[in-house]
Amino acid sequence: MKNRPRFDTDTLRELAGERTFARGEACLREGQVSIVSFESQRVLAQIAGPEDYRCVLTGRGKKLEGECSCPTFEARSVCKHVIAVALAANAADPAEEIDTDTVQRRIRRYLREKNTDDLVDLVLDAAEKDMSLFHRLNLVATAAYGDEGSIGAQLRNAIDGATKERDITNREDARRWVASVKAALDNLAELTKGPRAQHALELADRALARILRVKEKPGYAPDIFDDLLKQASSIRVSAILATRPNPLELARDLFVREIENPDEIFAGAAAAYADALTEDGLGEYKRLAAEAWAKLPALGRHAQAEAPERYSRLLHILDFFAERAGDLETRIALRAKDMSTPSRYLELAEFCLEQGRREEALRRAEEGLWMFEDNPDVRLVLFVADRLKRVRRLNDAESCLWQTFEKRPGIEIYDALCSVSGAEAFHRTVQFLQSRLGTSHHSEGDEFSELLIEVLTREEKFDEAWKIADEYGASPETLDRLAQRTEATHSREALKFYSTRIEQLAETGNLTAYKELSSLLDRMALLQGPDGHASYIADLKSRFVRKRSLLRHLP
């Protein structure tokens with residue numbers, strides 16, 4: 001009787017997709033899979049290639065969980081290696097399965113029977129084949145037994161080697177660089193637990209500086225550095241807690257770092273280092289921030305701060321202390337110091353609302369509208385209108401929205417008007433926009449025709465929408481939305497737009513345009529029938545026969 005496969009093949013195929021499944025089959029055929037451990041509920045394997053990968057699978061049948069050290073698995077949670085190992089397990093003889101506990105017990109027994117020198121040789125042999133392990137052992141051994149004269153230099157060399165600037169031309173290069181730095185930081189974290197914590201502090205600062213230097217180089221994706229910076233910062237906090245510097249001196253050092261550091265890696269330092277600062281250091285931190293804050297002038301309408309980042313950083317520091325003390329009035333006053341833009345009023349109003357100060361939230365927001373009535377901010381207007389609706393001041397909400405719509409017409413304001421005025425909002429909006437049609441006319445429509453078409457489309461006034469589009473024009477984006485919405489009722493108009501747009505895209509001559517063109521052709525096929533569509537495609541091919549890239553996108 002044939003043995004059942006360990007893993008369900010249909011499940012593997014569905015999990016990976018046909019392409020990845022086929023690549024996994026090829027990986028197995030080429031002999032790249034070596035099963036290291038074949039246990040009843042776990043398979044450990046090594047996959048050979050330009051870089052060897054470690055893959056672990058657990059479960060049976062339709063239940064499968066996997067892990068692979070390759071970058072594809074990290075990005076997609078599935079890869080060809082997982083499939084290859086699963087298929088290799090299916091092909092293996094079930095009689096070779098070994099209970100996990102048996103494996104662990106056997107290895108433990110073997111190691112216990114070894115003498116110390118044999119174990120040392122075993123670990124060193126493994127470390128010479130695994131440089132990450134070698135560097136870790138070297139770092140902790142140097143920290144434990146290195147002489148004071150050379151330990152600093154040796155530890156610096158370890159960090160410098162890992163954080164060295166390298167050419168990163170693709171995501172795989174970036175992954176390797178990040179993995180190298182992370183391993184060095186993991187090793188560095190070990191030093192914070194012993195007598196070398198001061199060295200760990202100095203090296204954490206060095207690592208932060210070097211990581212930031214690499215981050216500034218062109219061609220590096222900034223997001224790959226975030227976790228490394230957090231890790232180095234965490235090591236720094238642990239080292240500070242271990243060394244316990246003078247709280248007042250620590251507060252002064254951290255304050256300067258938080259205010260002056262452009263990368264904000266010391267943002268929130270008072271909270272992060274609170275245990276080391278103690279109440280004495282926290283008091284000094286607050287005093288320094290309050291003193292610097294008092295020197296900054298209050299900002300009114302259209303005023304510009306000479307150093308806006310200083311306002312922001314000092315505000316967050318003082319807000320931490322005010323929140324810690326439960327002082328809501330101070331938190332509001334801090335935010336009210338900069339009232340130079342509508343967005344500042346909105347931020348203050350939203351904060352008041354979050355704190356349960358509903359009346360004050362509305363008052364602050366209305367004040368912002370009055371201060372900037374010549375150039376209303378849509379987000380602030382919508383906030384005010386919503387709060388006015390909630391307190392049943394519907395006439396005020398409607399008036400506020402109409403005043404803004406007449407100055408800055410837009411779909412968001414229109415939607416808000418509909419929620420207040422209902423059908424009346426639609427009729428009044430159409431009248432207003434129609435009265436202004438053609439006042440800023442150009443080949444692709446003006447702001448009034450664009451908005452009117454969108455409003456009419458939403459209300460399913462499709463005849464009127466197409467009439468405005470024909471008479472005043474509209475952008476391709478607006479026409480595309482209208483065509484898609486009306487394919488069933490206005491197929492002639494939709495086809496006319498699609499064909500016109502296809503001509504434009506065909507002349508453009510780039511890959512993005514051709515992909516859009518291909519999508520439009522698919523939609524046209526549903527509207528003009530097989531014969532008509534085949535004739536249309538044949539005409540396109542004959543007229544654009546010299547555009548080979550385009551022809552590859554035609555059916």
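Analyst: In this predicted model, the contact between H2 and H4 is built on the H2 side from Thr 20, Phe 21, Arg 23, Gly 24, Glu 25, Cys 27 and Leu 28. Facing them in H4 are Lys 80, His 81, Ile 83, Ala 84, Leu 87 and Ala 88. Sorted by class, the residues of this contact are 7 nonpolar, 3 polar and 3 charged.

H2 covers residues 18-29 and H4 covers residues 80-91. Their axes come within 7 Å and cross at roughly 55°. An angle between 35 and 65 degrees falls in the oblique range, so H2 is oblique to H4. The crossing of H2 with H4 is right-handed.

A second pair is H21, residues 411-421, and H22, residues 423-436. Here the axes lie 6 Å apart and the packing angle is about 135°. H21 and H22 are therefore oblique to each other as well. H21 contributes Tyr 414, Leu 417, Cys 418 and Ser 421, while H22 contributes Ala 423, Glu 424, Ala 425, Phe 426 and Thr 429. The class count for this contact is 6 nonpolar, 2 polar and 1 charged.

From H23, the contact takes in Ser 449, Leu 452, Ile 453, Leu 456 and Thr 457. From H24 come Phe 462, Glu 464, Ala 465, Ile 468, Ala 469 and Tyr 472. These residues divide into 8 nonpolar, 2 polar and 1 charged.

Two or more lining residues come from each of strand E3 (53-58), helix H3 (71-76), helix H9 (171-191) and helix H11 (226-243). The largest share, 7 residues, belongs to H9. By class, the lining holds 8 nonpolar, 2 polar and 10 charged residues.

Note on methods. Residues are numbered from 1 along each chain as its sequence is written. This is a predicted model: local features need pLDDT of at least 70, side-chain atom pairs count only at pLDDT 80 or more; totals for chains, interfaces and linings use all residues. Side-chain values use heavy atoms; hydrogens and water are left out. Helices (H or I, at least four residues) and strands (E, at least two) are DSSP runs, numbered from the N terminus. Ala, Val, Leu, Ile, Met, Phe, Trp, Tyr, Cys and Pro count as nonpolar, Asp, Glu, Lys and Arg as charged, and the others, Gly among them, as polar. Axes are lines fitted to C-alpha atoms, for helices over the stretch in contact, and angles run from 0 to 180 degrees between N-to-C directions. Angles under 35 degrees count as roughly parallel, over 145 as roughly antiparallel, 65 to 115 as roughly perpendicular and the rest as oblique. A crossing is left-handed if the near helix is turned anticlockwise from the far one by less than a right angle, and right-handed if clockwise. Contact means heavy atoms within 4.5 Å.
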